[in-house]
Amino acid sequence: MSTTTEPVGESTSTLPLDWTYAPAPEKADPNIRERYDLFIDGEFVPSIDRQYRKIISPSSETVVCEVAEAGVADIHRAVKAARRAYDKVWSKMPPRERGKYVFRIARLLQERAREMAVAESLTGGKPIRESRDTDIPLSVAHFFYYAGWADKLSYAFPGARARALGVCGQVIPWNFPLLMAAWKIAPALATGNTVVLKPAETTPVTALKLAEIIRDADLPPGVVNIVPGGRPTGQALVEHPDIDKVAFTGSTAVGKWIMKALAGTRKKYTLELGGKAANIIFEDAAIDQAVEGIINAIFFNQGHVCCAGSRLLVQEGIANVVIEKLKRRMDTLILGDPLDKNTDVGAINSKEQLDKINRYLHVGEEEGAEMWQPSCPVPEKGFWCRPTLFTNVSQSHRITQEEIFGPVLAIQTFRTAEEAIEKANNTPYGLSGGVWTDKGAKIFKVTRLMKAGVVWANTFNKFDPSSPFGGYKESGMGREGGWHGLMPYVELEAL
Amino acid sequence: MNERVPVLKTYKLFIGGEFPRSESGRSYVLKDARGRALANICQGSRKDFRNSVVAARGAQASWANRSGYNRGQILYRLAELVEGRRDQFVTELKQQGSSMAEARKEVNLTIDRLIYFAGWADKYQQLFSTVNPAASPHFVFSVPEPTGVVALIAPEERGLLALVSLLCPIILGGNTVVALASESRPLSAITFSEVLAAGDVPAGVVNILTGFRPELLEHMAGHMDVNAIVYAAGKSEERKLIQQQASLNVKRVIFPKIEAWTSESVESPYHIMDTQEVKTTWHPVGL
């Protein structure tokens, strides 16, 4: 074993090294139309009251396109189309044929992956590397995975018969616009349901591009309807009397509102809500690897991730060295143009979200925590937040308890594993968690005691269509992905 | 002729392995079909419910930590104990209006349910766990875990059979329970709590209250340290209230679909999953 990776000593270094990267913009055409209408009953139609919302790029604040805003009457049209499609076509179609349509969607999406990635980064603000390598391929994979289930459901639930629910009203967030659409639509279609989906108000573009693909796939009209809009649109969908199920991904506050709104109805629901995940790093962890994982856990997608590792619990003996290494790594993160392939941290999705994050930064300092940010340059236009960490944080601080949904890491220390687990579980949330240690037995003990639906050991923020995702406690109920992800879309009947 | 005067039984609550009266000091008179007083039944209060939740929460982690094998044995032991007390259960069911034949059938079914579910305690995990074939180099598996503390509201009918049929899938999966017994048929629930105490069920795993559903319902559904609520009393306005209150802490709400408590459809491992969470664990694979 040679050791040629020793750092170059001062004596041999004559010139300061310039680590600045040359710009590497992704220039593919995102193929975005100037104006999008609602996708109802297999075609694009204007909203009844002809309302349009301007969609801006959060990295430049320029208008990208305008998108029709669905009102109550439009939701009614969409639900009617979905009901008709369910009764007349989809529920009668042999499952294998149904599956073939879902396979088609996967293939067509795969073929247009590059423009999808650009559109996602342009309108959502996330680095192109993430949309190219994570969002779009995972969306494709999700359709592929569930397509194959369509004609195999009789093997999925021993001793029971799985029946479709009917019309599903689905409401998704702005942080993974296409991926969340895939997570919702794919299992619903595979199990024989029809769909009315409302994308988030700031990020409807890739969902509408998906609508084009669904049209190109020749899916029977009405099986999938996509109706963009803001909160009133979502409310109209959730409250529509003729839907059978609500699937929601978003904040815990809205999730609670949905539970209340559905009280007394026969509608089923699944909720994928907020989180405040703790990443626990033990003294026996591989520290450099862990530091890289912690960075990915909180700065992936600007921290706009419900399962983000927004809390770090570091064992006392290594706290100083870990924090020092984190800062050094944060200094090298490249913040800027989401379409540049070198970019690590993109734009905050909206002005509203940026204001919210800034309020939390203020609260953190006011409550006595110590804030640190790298000195990276920030573009003049657009919405930006430097990667941020807080030390001197206590368990009761709001930045420890509340979901910020931004690139903000709150760091606490611990002495024993029991203390770490206690702190990790001590929030109303329970979506995800992380553990870093080289001891196998410790991994199994700690991951079992963490009250969270997804636990990453010596890794973080990994996703796969075959792997169920969803929360404990106030992080929601039901699972998306894998065999478990079929369950929320079927009614089980005794044989 | 001096006939022997029978000793009457006092029916109390069952909280944390003990048999207290309601802290409120209240009780109601249970009457038989002819209007004769059968017993004084504790009218459990909100405070009794809160105390029960504390007991249930305290018992949950160690109960969940026991092996499925062990929990299965404990359920089996309950079946043995009910078998030994079958005459008492039959008598009480008759006192509360069942015919002899109905009462016998109900006790038999109760014993068989306990055994049916006892057998699931170390098997449902295999049925509902997955190893997920992720495309990246990771070992990824998903397993069911208990959701935590469950509030259970038993229906009015089948005071013994319904309660036990609902309890089993909850506790065999490592949850702990606070149950509200049938208001009109509470006797068997209390006697069953004596079975729980005599069996090897640790204190706090099952807590049984008697009292008035309308008084306790809102509180049970709204309690912030209860993870799930199972409601089988079938009143639509009560369902709505439960769903509204459950939203306070995103409580899981389960309305079991039961056609008849004597039907085989009650026996399904899918009922176990109603009060389970699914945890997915990832680990890299590499050298």
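**Figure 1. Right-handed crossing of helices H3(A) and H4(A) in the predicted model.** The crossing of H3(A) with H4(A) is right-handed. The two elements concerned are helix H3, residues 113–124 of chain A, and helix H4, residues 128–147 of chain A; their axes come within 9 Å and cross at roughly 125 degrees. H3(A) is therefore oblique to H4(A).

**Figure 2. Residues in the contact of H3(A) with H4(A).** On the side of H3(A), the contact is made by Ala113(A), Met116(A), Ala117(A), Val118(A), Glu120(A) and Ser121(A). H4(A) contributes Ile128(A), Ser131(A), Arg132(A), Asp135(A), Ile136(A) and Val140(A). Divided by class, the residues of this contact comprise 7 nonpolar, 2 polar and 3 charged.

**Figure 3. The side of chain B that touches chain A.** The contact between the chains draws 38 residues from chain A and 29 residues from chain B. Elements of chain B that give two or more residues to this side are strand E4 (138–146), helix H9 (236–246) and strand E10 (276–284). Of these, E10(B) gives the most, with 8 residues. In terms of class, the side of chain B that touches chain A has 14 polar, 10 nonpolar and 5 charged residues.

**Figure 4. Pairing of strand E18 of chain A with E10(B).**

Note on methods
Residues are numbered from 1 along each chain as its sequence is written. Chains are lettered from A and ligands numbered from 1 in the order in which they are written. This is a predicted model: local features need pLDDT of at least 70, side-chain atom pairs count only at pLDDT 80 or more; totals for chains, interfaces and linings use all residues. Two residues are in contact if their C-beta atoms, placed from the backbone, lie within 7 Å. Helices (H or I, at least four residues) and strands (E, at least two) are DSSP runs, numbered from the N terminus. Ala, Val, Leu, Ile, Met, Phe, Trp, Tyr, Cys and Pro count as nonpolar, Asp, Glu, Lys and Arg as charged, and the others, Gly among them, as polar. Two strands pair if DSSP finds at least two bridges between them. Axes are lines fitted to C-alpha atoms, for helices over the stretch in contact, and angles run from 0 to 180 degrees between N-to-C directions. Angles under 35 degrees count as roughly parallel, over 145 as roughly antiparallel, 65 to 115 as roughly perpendicular and the rest as oblique. A crossing is left-handed if the near helix is turned anticlockwise from the far one by less than a right angle, and right-handed if clockwise.
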